[in-house]
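Walk me through this protein, one part after another.

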Amino acid sequence: MNTSHASWKYKSTIGTTHLVYPGAVHSRFEHSLGVYWLAGEAIQKLKTYQGLELGIDPFDVQTVKIAGLLHDVGHGPFSHLFESEFLPRVLNGFKWAHEQMSAKLIDHIVDEHHIDVGSEMIKRVKEMVLASSEFAPPKCSEFALPKSVKEKQFLYDIVANGRNGIDVDKFDYIVRDSRACGLGCSFDFHRLMETMRVVGDEICYRAKDYLSIHKLFATRADLYRTVYTHSKVKAIELMVVDALLKANSYLEISSAIQDPSEYWKLDDTILKTIETAPDKELQESKDLILRIRRRNLYQFCNEYSVPKDKLEHFKNVTAKDIACSQKNGGVMLEEEDIAVSNARIDLTRGRQNPLESINFFKDYESEEKFAIPDDRVSHLLPTSYQDMIVRVYAKKPELVAAVSEAFENFQLKMYGLKAQVHATPKKKTRVSEVTFR
């Protein structure tokens, strides 16, 4: 935690969000400490209630806590922006995930600092970190580690739950991010941690807690809609991505993912490195960063929610799609004039209901686990579990009207109607102002 590799102190948990919500300045370090503590609390509660039955020993407790501490050590600069927005633009289809890098960094840190920890514990820690990713064993041959203790699969439900998505990682960031952004949070994870039990080698929940669990997923979706994909947050993210892309060929930023000994050096200070560098090769990136500092952001034009019946076969909208939808006459738009955000908001399982993957029990005397169809709980619960929000931005204020018109034309061509909610904005006249939200 206090080695020279602890660059997580300089990596924001929620990317550029602090530039819109000034209180959201917490780092990956703080979040990881929170998950470490909650992971310890969770396994201690299971040990208290079922310790003898489950055979939970000090080795298990320590392993789960270390996994909680190190689960996000592989995140890059500006959190998910690096992994989800920047790398796909430069890797040409090569799949990469921060969990994968976390596993590599754990090995690197242990070897580099000669940390006295057993190989069996490290192997299990990496399994737990990878449990919810597509690189989880045995899906990925690179990390095809046999499960260390077959009869204790419930341990892998605590930090990064690949079965149903209920884990202490979410418990921490949902509450932490809500508080930091000044939002209310009615979800109470303490209740779930106090009442959860292991049934059939899986962490299950009381049937009466169904709605509390639904609130967990609904609160997360609200955070995505209100905070993580806020229109101004996305505008800044798009500009940061463009700045990194323009600097990548000179600084070779993306090449660091091949080597943990170089990757750990990457953090949010990369923008300051670019901003203060004298190299003329970085001038375009520096200009973009200066625009962010001066609040001269990409201008929001409009947005729409993809119709429900089009979600299954939806393909991301591109700047080329919008540029090709302009009518003849007037300003001629190029792809480089337009930025597009395709924001997927769901309840962690795409178009599926995550509660269908969760097992419940009736009471503490029961040894039977079962799923609960949502229509047996309430008819007020949603029947659709995913939104796709398409937003379009003009990179220059004087192009807002032209981009907005092209965006309208694109919707008419795709759906036969204007799916956007807002009226097309008129051309904006920039005034010296600071608009936070």
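R197 lies over the face of Y364, at 4.3 Å from the ring centre. R197 also lies over the face of Y49, where the distance to the ring centre is 4.0 Å. A charge counts as sitting over a ring if NZ of Lys or CZ of Arg is within 6 Å of the ring centre and within 35 degrees of the ring normal. The model is predicted: local features need pLDDT of at least 70, side-chain atom pairs count only at pLDDT 80 or more, and totals for chains, interfaces and linings use all residues. Residues are numbered from 1 along each chain as its sequence is written, and side-chain values use heavy atoms, with hydrogens and water left out.

Now look at the strand pairing around R197. The bridge partner of R197 in β2 is C204. Two strands pair if DSSP finds at least two bridges between them. Helices (H or I, at least four residues) and strands (E, at least two) are DSSP runs, numbered from the N terminus. Strands of a sheet pair through backbone hydrogen bonds, either parallel or antiparallel.

What is the order of the strands in this open sheet? The order is β1-β2-β5, with 3 strands and mixed pairing. Strands β1 (197-199) and β5 (360-361) are the edges, and each pairs on one side only.

A helix covers part of this sheet. Helix α1 (residues 28-54) lies across β1 and β2 and runs at about 30 degrees to β1. Such angles run from 0 to 180 degrees between N-to-C directions, and the axes are lines fitted to C-alpha atoms, for helices over the stretch in contact.

V198 lies in strand β1. Is V198 buried or exposed? V198 counts as buried, at 5% relative accessibility. Buried means under 20% relative accessible area, exposed means over 50%, and partly exposed is in between (1.4 Å probe, protein chains only). Leaving out residues up to four places away in sequence, V198 touches L46, Q50, E53, L54, F154 and I203. Contact means heavy atoms within 4.5 Å. V198 and Y49 are 149 residues apart along the chain, and their C-alpha atoms are separated by 9.7 Å.

Strand β3 (residues 299-305) pairs with β6 in the antiparallel sense over 6 bridges. In β6, R391 is the bridge partner of E303, and V392 stands opposite N302. Strand β4 (residues 338-346) is joined to β6 by 9 bridges, and the two run antiparallel. Here A343 stands opposite I389 in β6. In a regular strand the side chains alternate between the two faces of the sheet.

Why is β6 (residues 386-394) called largely enclosed by the rest of the structure? Because 8 of its 9 residues are buried. Strand β3 has 5 of its 7 residues buried, so β3 is also largely enclosed by the rest of the structure.

Turn to the aromatic rings. Rings of Phe, Tyr and Trp (its six-membered ring) pair if their centres lie within 6.5 Å; planes under 30 degrees apart count as stacked, over 60 as edge-to-face and the rest as tilted. By this rule there are 12 aromatic pairs. In one of them, F82 and F86 have ring centres 5.4 Å apart and planes at 35 degrees, so the pair is tilted. Both residues lie in helix α3 (residues 80-90), 4 residues apart, about one turn of the helix. F82 is buried, with a relative accessible area of 0%, and F86 is buried with a value of 0%.

W96 and Y263 also form a tilted pair, because their ring centres are 5.8 Å apart and their planes stand at 50 degrees. This pair links distant parts of the chain, 167 residues apart: W96 is in the loop between α3 and α4 (98-112), and Y263 is in helix α10 (residues 260-263). W96 is buried at 10% relative accessible area, and Y263 is buried at 0%. Ring pairs link F82, F86, W96 and Y263 into a cluster.

Finally, step back to the whole chain. Its secondary structure comes to 14 helices and 6 strands. Buried residues make up 54% of the 437 residues.
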